[in-house]
Amino acid sequence: MSVRGCARLLSRLSPGSLRYGGSVALRTRRGFPNGAAAASSSSSSSDGGNSGARAPDTSLFVPLPVSSLPPGPEGDVGAELTRPLNKSEVLKMLNIFYKRKEIQRLGAENGLDARLFHQAFISFRKYIMESGSLSPDVHIILSDICCGAGHVDDLFPFFMRHAKQIFPMLECMDDLRKISDLRLPPNWYPEARAIQRKIVFHAGPTNSGKTYHAIQRYLAAKSGIYCGPLKLLAHEIFQKSNDANVPCDLVTGEERVCVDAEGRPSAHVACTIEMCSANTPYEVAVIDEIQMIKDPSRGWAWTRALLGLCAEEIHVCGEAAAIDLVTELMYTTGEEVEVRNYKRLTPIKVLDQALGSLDNLHPGDCIVCFSKNDIYSLSRQIEGRGLECAVIYGSLPPGTKLTQAKKFNDPDDPCKIMVATDAIGMGLNLSIKRIIFNSLIKPVVNEKGEKEMDTITTSQALQISGRAGRFGTVFKEGEVTTMHHDDLVLLKEILNKSVDPIVTAGLHPTAEQIEMFAYHLPDATLSNLIDIFVSLSQVDGLYFVCNVDDFKFLADMIQHIPLNLRARYVFCTAPINKKQPYVCTSLLKFARQFSRNEPLTFDWLCRHIKWPLTPPRNIKDLVHLEAVHDVLDLYLWLSYRFMDMFPDTALVRDIQKELDDIIQTGVLNITRLIRVSETASGAVVVPDDFPLQRASVSDGMLNVEDLPAADKEPSPREMKAQGQRRARGSKAVGYRPAEARMDPQGRVQGVLAARLIRQGLLTQDMLKQLEHEWLAHRHGNAKDAAQNVEPDKHKGGKRE
């Protein structure tokens, strides 16, 4: 046999022992069993019935680059064994190969749908046409085909070999499917399955005592864990437990507090639900706000706690809408659910009249907004009427929220009005008489991670309304209404609807699952790994995979930074708001410093945040300080995961407390900050003697000297623009300029007047005298103007 004939025989035997013509399909199935289609057809025998697996979203498969080969040191072996290739003939032959239906069908059987087949062919063609030296087997088979001694179908095994180089997941699709199989979450927690747990569901509306009864059982137990949705709730249970002489530790993402002087863990712990241990045994566990198991971002934490906590008794608290789902989930674990129903302790009434105007506010009122801009606008208008108001919204530090709540609840404090977002829906005990919905439209994130504006749900409306007239406050019954009459009809409809039952529980890929994915796909990015995982994941009807957009956003942001996979995963799970550029930039700097193996010291952090910081001069400054507080939270959060690299937690916690005081000062003076912000845009001029409220959290005061001064009077054009802005910003809320007016007792009211009287700088008599002088002065100016015009009338005659 000639050398050429031997080479041909070797080329036919090398990638799958394929023959020409009709036998190619059979041989291909045997030689390449790991494609997606083959996996779906053969997996029933390998994994016990996976034949119903959905096809993966191949748009997520990113082709890896394959470099064209230059001529090697030994020369072009294929050309020496046969002859140099005519690239134009090869191109024609490749185009015939691409268009053959049989080849496309074989590609589909081996996991190449139309998209992947096209991408693989483009890469294969480029490799063949641009390589200076092809591998001998490819060169020989191409030469045979061009000479008529072979068939274009003989290229298929070489094409598939190339396709698996650029799409490595084709080689391991079965393994990837098994790793991403999420159909049996109870099996993930063998410690919990090893014991027979008692499940008690405390169901009821807000202010019904359901959590109280669960906590009483928690306090009476020898050991227990409380799992809540917020740091404020975990702090509250931590405080209550220790006040009841039940030693309790606190565990949140950013904080660990051990009450034992020697650092030994207590038998009781209060934690945020993401931080609960699924391995530590307890007598009693309390899972609060169980309805959040449906949350598109955080629901996985409630699922994990419900299925995984190792406690003899699990006390679940929340809305009755979750009873059926919890019962069904516990059926899969072989555990029964005891349901205890509760009714609201105090009555609540939906009023027949909307507020209409801010002039109709009364002590104990809380206006609920779903926009921070609405918070700013309303607080500005309320204080313009001589009333003090507390302000609470989600991005405020917990300490500031508590301070504002305390100020509002204090019977001796003149602050009796609150403006808040739905952040008051849980975690704060407030003495509210009447809840007033400023709007019923709230931004929501849909299943695709897109932001939409939608009417609040019945569950949300009940949760917020339930803050009025709470048991234990001075108000024995609550009231609910809206700012606008048109919304009141809609609110009644929402509240009269039954709450939709919760039907699914959230799941989230773990770090271990992603690591196994990365083992099979070492060249894929973390974001791409997550996408492929979600695409291949299988869940039964009781579960859904939580939204991973925030995770992917951070993964893409730090992709260029060299980090090992576990560290990269941890950075991407950091609880930050991706809409805050300053916080995201800080995470990027933290990751870069971490990747250089350089500890993030206190001095380094202070340089980054430009510490020390000064009290805010306007709203923009206040928003920045809130972002800096989040950056310090981020440092503390990472410090509990990488202790050696984030060593100065005590120092950071100290300056965070100082920053909290600075932010509290800003919030106490929020109306002044809004006015100064408007001054900068030419809207409002703040008088030089405008008093600023002293902060109760420190000895400092925001001084007028710290504020940007108005150096000139507004022009007529600016005054006109100011009036237009006021009209737009005060639509339908009864806005009137903040001017002095008389109350029913005949006393002058107004924001400046009220402040000066409270500070003892003016009396009511002095104000009345000033009012008379001002009116006389204005009347005198009018007389002068009339006298100046009179000669003109006589001179020019009467004018129509």
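Strand β1 (198-203) pairs with strand β8 (residues 337-341) in the parallel sense, and five bridges hold the pairing. Pairing here calls for at least two DSSP bridges between two strands, while strands themselves are DSSP runs of E with at least two residues and helices are runs of H or I with at least four, both numbered from the N terminus. This is a predicted model, so to speak of local features takes a pLDDT of at least 70 and side-chain atom pairs count only at pLDDT 80 or more, whereas totals for chains, interfaces and linings use all residues. Residues are numbered from 1 along each chain as its sequence is written, and side-chain values rest on heavy atoms, with hydrogens and water left out.

Buried means under 20% relative accessible area, exposed means over 50%, and partly exposed covers what falls in between, with a 1.4 Å probe and protein chains only.

Most residues other than glycine have a negative phi, and most peptide bonds are trans. As for the peptide bonds, the one between W611 and P612 is cis, with omega at about 5°. P612 is found in the loop that links α25 (602-609) to α26 (619-639).

That leaves the nonpolar packing. A nonpolar core is a set of buried Ala, Val, Leu, Ile, Met, Phe, Trp, Tyr and Cys residues joined through side-chain atoms within 4.5 Å. The largest one has 163 residues, and L142, F571, F590 and F646 touch the most other members. Helix α26 is the biggest contributor to this core, giving twelve residues. Setting aside neighbours within four places in sequence, F590 has contacts (heavy atoms within 4.5 Å) that include F571, W604, L634 and F646. A second, separate core of 26 residues has C366, I432, I435 and L491 among its members.
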